[in-house]
Amino acid sequence: MNKEEITGNLKSVFEKVFQEKDLTITREMTAENIEKWDSLRHIQLITEVEMAFGVKFRLREVLSMKNVGDLIDLIHAKRG
Amino acid sequence: MQVRRANKPDIPFLVDAIMEAEASGSQHISYREIFCLNDRELRDLLHSILSEDIQGCGWSPPEFLIAEQDSETAACCAAWIEGAGGLPSHIIKSQLLVEFLGQEKWENSKENLNAASEINIARTPGILQIESVYTQPRYRGNGLSGILIREHLLQAAKTGTRSAEIQLMKNNGAAMRAYQKVGFILKGEKGSHNNKLGTILPYHTRLLMAKDLLS
């Protein structure tokens, strides 16, 4: 799966977690860009991403992600 | 009296400090009530989290300053720059809690977490955050917390941080007066009439105090 495909699949996960349609996913996006992105949604987002992509993140990996671009890169690296 | 950075051997004291600060003079230690833990379980949870040494949310030993008096640990106070590592502190805390509580406990506590979030006040990115201010009872009245807070402010000002924030429960008048002595002023409050808050938090209204570091 390349990064474009990961971004496309991530869009569906984000729309499910934040219950919004037609969300635009960018690499620069952070929790500050989505009003509903609070602690509870963040944990739900990480869980849903792990399930959707069949990956498992370690604590320090999750905490090292500064934006959606980092998340895309990490998923890409884990899926090989 | 000596002031120093905390390190791993201080963790048991820091755990006590976080629990006492969270109780805010009440019977309700927020994390214990929200996640339905007993004191032992909460102590173990906080010990594990502090041992992980993740910075950015006030739950890492080096984020604490310690006041020692008569060769004893008398007081402590945590501080961090909000969002300095790229993530807001509430997300770091949540991720640590999920890691050490487990996903199931987190999921089962969502109703309590949602209720508690009704009085959340957003922390300002780039601003020094002061938390877990605690003095052992026998050392109170000596201004130790004020000394520790001022030292945090001094160190932050040296690195160009423009202001500091403290959040506290409105029922904690003693803490509010102590922070006013250091120069903090009341900036806002957030309350809720949700009856559930009375069972999980020390009070139903949270206050935000702030201090300009450039003046």
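Start by selecting chain A and coloring by burial: of its 80 residues, 22% count as buried. Keep in mind as you click around that this is a predicted model.

You'll find 4 helices and 0 strands, and if you walk along the sequence the pattern reads α-α-α-α.

The box comes out at roughly 30 × 25 × 20 Å. How does the radius of gyration of chain A sit against a compact globule? A compact globule of 80 residues would have a value near 12 Å, and chain A has 11 Å, so the two agree.

Time to bring in the partner: show chain B and select the contacts between the two chains. On one side you get 11 residues of chain A, and on the other 17 residues of chain B. Which elements of chain A give two or more residues to the side that touches chain B? Select 39-53 for helix H2 and 59-64 for helix H3, both in chain A. H2(A) gives the most to that side, with 5 residues.

Last stop: color the side of chain A that touches chain B by residue class. It shows 6 nonpolar, 3 polar and 2 charged residues.

How values were computed:
Residues numbered from 1 in each chain as written. Chains lettered and ligands numbered in written order. Predicted model: local features only at pLDDT ≥ 70, side-chain atom pairs only at ≥ 80, totals over all residues. Contact = placed C-beta atoms within 7 Å. Nonpolar A, V, L, I, M, F, W, Y, C, P; charged D, E, K, R; others polar. Rg over C-alpha atoms; globule rule 2.2 N^0.38 Å. Buried ≥ 20, exposed ≤ 12 C-beta atoms within 10 Å, placed from the backbone.
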